[in-house]
Each structure stands twice: as C-alpha cells, then as structure tokens.
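Please brief me on this model.

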Amino acid sequence: MNAPLARQWDSLRQSRGRRLERAASLGFGREIPVDRIIDLLEAVIQPGDRVCLEGNNQKQADFLAESLADCSPERINHLSMVQSVLALPSHVDLFERGLANRLDFSFSGPQGARLAKLVQEQRIEIGAIHTYLELFGRYFMDLTPNVALIAAQAADAAGNLYLGPNTEDTPAIVEATAFKGGIVIAQVNERLDKLPRVDVPADWVDFTVLAPKPNYIEPLFTRDPAQITEVQVLMAMMAIKGIYAEYGVTRLNHGIGFDTAAIELLLPTYAADLGLKGKICTHWALNPHPTLIPAIESGFVESVHCFGSEVGMDAYISARSDVFFTGADGSMRSNRAFSQTAGLYACDMFIGSTLQMDLAGNSSTATLGRITGFGGAPNMGSDPHGRRHASPAWLKAGREAYGANAIRGRKLVVQMVETFREHMAPVFVEELDAWKLQKSMGAELPPIMIYGDDVSHIVTEEGIANLLLCRSPEEREQAIRGVAGFTPVGRARDPRAVENLRDRGIIRRAEDLGIDPRQATRDLLAARSVKDLVRWSGGLYAPPSRFRNW
Amino acid sequence: METLNFCFDSAPVLKGASPALCGVVGSGNLEILIKTGIEPAACRVCIKTSARGFGETWQAVLGSFAASHAAGGTVIAINDMGATPAVVTLRLAQALAEYQGGGQ
C-alpha cells in the first residue's frame, strides 16, 4: 500500500498567518488609523478571495465598502463578493473598477438597474440570488468568506464590539469567517473604554477602524400613515376579517409596504371593535415598524423579535423591553438570522405585497432592466415542510389544503396587492417579466420571489381568493382571475366559474364578509400622520427629519 | 387630456337628492359629480382624464358599476388624474350613496 498523498491540513490557518504577518510588517496593530485603511486592505486581501461586505437594507459597512472600491485593481482583483444587499454605489464600483467579478447576494433594490447593465455587459458573473437565510447557510457551507468587512457601533481597546440595536447580519458573518481561518475587519462609529455590552468578543475580530462618520442606516421600514389610501384601508379590513380573524393568526410577519402598514394601524380600531384583541397578532417577527406603535400601546402585541432596528425607534424600544428583545444595557439586540428562522418555523402567517403575479400564483418583484433580488420574502413566504409543532391557524389551513385527515398543517402565505400599480401597470399578468429577465441574465431559473404553490390567499380590492381550497390548476387560475379586477387577466375570467368559486367560499367579496366598502375611510386608521405616531409613543419615537413636516 | 363619453343601461336610482361631489383632483385620484339626468333607465358618464388610452378599461369599470348599482337617471361627470380602477370603483359607490342622501 502506498502512503496517502501528503497534504497540508492547515492551509487556511497558514494563509491567515501570512496575511496577519504582512499587516504587522507594515506596522499595523489591531486599531487601524483611518488614513491607512487601504494599505491594510491591500495587505490582507488577496486576488481571488471571497469577501463578505456587510450591508443590508438597513445597516451598511459603507466606509469599508468605499475603501475597498478605492484599492488598486492591480493589487486586488477577481474577488468573489458575498453580501446580503447590493445597495450602495460603491458596491457596484467594485465590479466597474475591476476589483471583483463574481457576486452572490440576496437583494439589490437601489442598484438593480446598474446591476442589470453589468450583467448584460458580462462584467459581472452572478453566482445566485438567495433569500437571506439561504445565503447565511452557504456562508457555513460552500461560500465561507476569506475576509469579512463589517460595521459595529463601538469597539473597546481590546477589540470587543458593541453592535447596538442594528445587530442584523453581523453575528452570522463573523461566526462563519472567524472560525474558518478568515480575517474580520470592523468599522466602528466610536471607541469606548467600556462597552454597553459585548456583542462580538475581541478574539473573533482582527482589526478595527474608526470610520470618519457613523455607518449609514436606511429608515426602510418607516411608512407615513398620511400616504395610506382608502383602497388600502378596504383591503386591510378584508384581510383582518377574512383571514386574521378566521384563522386566529397570532404569530406572524408583515411585509414592508403600505398595505400591511394599513393593517397595523387598523388593529387598535377596526380589529379591536371586532373583539380581536388578544386573539390575533400577539407575537411578531418584524422590524420595529413605527406603524406598529398604536397596536403596541393598545395592548395588542406581546412580543416582537427584530431583524434589524429602525431609525428613530431606539428610545421607544428601550422603554418597551417587555415587548422587544433588549440587552441588560437597555438597547435592543436584533439578529437577522434568528428572526428569519422565527419567520420560517415559528410564524403561522406571512403577508406581503408584490409587483407581478401570474395565473399559477407565482410572484416576482423583478421587472425588465432591473435585477432586484428577494431579501427575506422567499423564506417568510414559504410553507416550511420541516415544521412539526401545531397551532390552530396552521392546522386549519392544513385541513383546508389537504383534507380533514391531514397529517400536517400549512403556513398561511398571503399576497396583498391592488390590481393595478401606479401608471396603470397591472399586477396580474399572463407571464412574469422574470422569464425574460432569466434569458437576459443567462440564469438557470427565473427570479420568482414566492412560488405559487406556497401562496394560500390573495387579497385585492376585489376580494379574497383562498387558493388552499382550489382542487385543480384550472380552479386556481379562475380564483386568481376572479380577484384580478379590471386587469386584462381579470377581465378574461370565466364569470360562471368565478361565481361558482364564490358560492363555495373560495372567492369572497367585501359584501360576503359583511364589509361595506364605503366604510373604508382613513378615519379608521389609529394614526393618520407621523406626528400621530409620535403622540402614540408618548414622544419616545423620534422620526428622521425627512418624515417630519411639523 | 382625453375626454370619454359613455352611456349605460341601469336600473332607476332609488331616490335622487341634490347633486353630490366626491373625491379630489389629485395624483392617483379623481373627482366625481353626480347629477339628475333626464333618462330614468340610463347612466351617462363624461370623463376628462389625464391618462390617455384607457377607454376600454373605463368602459369595463363603469359598465360593472352601472350593472351592479341602480344608477339610472343620473349624469356623472369625472375629472381624473390617473386613478386606478380600485379607486374609481370605491369613489363611484361613495358618490352614489351621497347622491341618495348621504347615508352609508
């Protein structure tokens, strides 16, 4: 027998050692002077590395992103980027300047058009578009970073990090990098002698740099109640009466739009009048939406675990520690990976909006010329086959879907849309733009955000379609057409089939639910302005200036 | 701007009161004025809209309204700034209720 080929079993550790030696030879300790960050990055990052740049739709390691983009493409190139969100101009600069050429990500909202252009010019290779939890999973599987560039609120002299309320993705990124021979570099907003609490221990962090200005945070989840329309109030009433009340939904996640903000603002008024307090919406996986304040203050909400924080909500959250997860120091601890896990396995319902839906119920936010990605929606908006614990809502949905003897339940996945978007763009379409986008991207699959077979209900201004009760693809198609309003898809319905579905309770109109559409007025909203939200919070909510008009 | 005129058969309105005005002319919204007409079984509608090329959709939305409500004997004037069919449907119901005496 020949001896097995000799191989080196600690190449990652040795590579890490060489990188740290290069940094030490340039005179770097653990605290990097702000004007020498590029020297450090060029010393520890190697061509072909997999680099994780922290940034989500809220917190951004913006200083490190700009610094990396300013590195020399002769020194650093062929990087493979792994990151939750491609949001900042500097994220795209990396590819335009020839430092990076491959990308695995989740979401690219603001940079969607530039990204699509780079793909068409074949200057970027997209590995895949993921949902957050899936991308985090791959950090521990086949996409482990060599270098992670992260954002923290503060560091102490030892290098311990305090992440503040916007913990977000940091724990997942650092864990994957630090324990597989990687290098972790943190930009911090301040250096403190004593941290309020330690969120990341110093020996998981190699370098810290005091950024010239605090990391950027986008107030992404702030919805001004003044912009909620009567049609959204009507849809919210139908959702509350026809779904929340019927299934007794207590554990849930809401999407980001005005449709679900309207529901949040109807809880203390319309839902309370229906006697639903304590029976629905008690436990949430949700960012701290300012529009949830009236429901919290009215005693509707017992618990909220957050993916991230929201600008202006910190003092309110600290003062409501029974509801939110907070540290001994009083400030919130968010965690996207855990909150996404809660959204997957512990929620009975996801309800959110979309830009397009086809006749099978597949939905997508990708439109031509823009690659936007998914964020957390595919995770929250899917029925987890690994779930085993029962709840009344989950069992009722399961019995509707699989019959009285069902051996499993079913998550409620609700899509809530007005049939036309602005500029009369129909939401309901024969074919999603995602299919054309697939061809232009050369992707294996069309970028579908929520698969039709995961969708349980569709709510539009025309009514609610319960897809769980449909027994054939044809019924499903007519159920969707039957709530698609005056879109071409809706007008091509078979009126008799739709009336039959209505008789069977698969389609329900406002009047079937005992709702007079004329009662859908903004007077039902618990708060009609951002100022109202501040008042509800007892002055604890401090909205960003762009939302203050008084 | 585009001006559209339609006439639909509709059951006679139960009780006509004073002219009713509903909504405002603003982006994504519309203003509806309902007055008494001279044909008891017809609903006449005149639309001035900022969005060109949606005549067929207007016809479908208004036809559905005239069929599902007793709106005969009315003349409806609409000033539209790109309201969606959902908003139009809701406003028509509000305006007709107002015209019949305001009760919800």
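The points below are grouped by topic.

This is a predicted model, in which local features need pLDDT of at least 70, side-chain atom pairs count only at pLDDT 80 or more, and totals for chains, interfaces and linings use all residues. Residues are numbered from 1 along each chain as its sequence is written, chains are lettered from A and ligands numbered from 1 in the order written, and side-chain values use heavy atoms, with hydrogens and water left out.

**Contact between chain B and chain A**

- Chain B contributes 19 residues and chain A 14 residues to the contact (heavy atoms within 4.5 Å).
- About 1,500 Å² is buried between the two chains, and carbon and sulfur atoms give 67% of that. Buried area is the accessible area (1.4 Å probe) that two parts lose on being put together, summed over both.
- There are 2 salt bridges between chain B and chain A. A salt bridge puts a side-chain nitrogen of Lys or Arg within 4 Å of a carboxyl oxygen of Asp or Glu.
- B:Glu56 and A:Arg491 form a salt bridge through their side chains, at 3.2 Å from N to O.
- On the side of chain B that touches chain A, helix H1 (55–68) and helix H2 (85–99) of chain B are the elements giving two or more residues. Helices here are DSSP runs of H or I with at least four residues, strands are E runs of at least two, and both are numbered from the N terminus.
- H2(B) gives the most to that side, with 9 residues.
- By class, that side of chain B has 10 nonpolar, 7 polar and 2 charged residues. Ala, Val, Leu, Ile, Met, Phe, Trp, Tyr, Cys and Pro count as nonpolar, Asp, Glu, Lys and Arg as charged, and the others, Gly among them, as polar.

**Sheet in chain A**

- An open sheet of 8 strands runs in the order S12-S11-S10-S13-S16-S17-S18-S19, with mixed pairing.
- Strand S12 (303–305) and strand S19 (507–508) stand at the edges with a single partner strand each, so one side of each has no neighbour in the sheet.
- Strand S18 (residues 463–466) pairs with S19(A) in the antiparallel sense over 2 bridges. Two strands pair if DSSP finds at least two bridges between them.
- A:Ile464 is opposite A:Arg508 in S19(A).

**Salt bridges**

- The count over all chains is 40 salt bridges.
- A:Arg97 and A:Asp70 meet at 3.0 Å, N to O. Both lie in loops of chain A, and the pair ties together parts that are 27 residues apart in sequence.
- A:Arg97 is partly exposed at 39% relative accessible area. Buried means under 20%, exposed over 50%, and partly exposed in between (1.4 Å probe, protein chains only).
- A:Arg114 forms a salt bridge with A:Asp93, with the closest N and O atoms 3.0 Å apart. A:Arg114 lies in helix H5 (residues 112–120) and A:Asp93 in helix H4 of chain A.
- A:Asp70, A:Asp93, A:Glu96, A:Arg97 and A:Arg114 are linked in a network of salt bridges.
- A:Glu430 and A:Arg481 meet at 3.7 Å, N to O. A:Glu430 is exposed at 54%, whereas A:Arg481 is buried at 7%.

**Positive phi**

- A:Glu168 has a positive phi of about 55 degrees although it is not a glycine. A:Glu168 is buried, at 1% relative accessible area.
- A:Met424, also not a glycine, has a positive phi near 55 degrees. A:Met424 lies in the loop between strand S16 (412–416) and helix H15 (433–441) of chain A.
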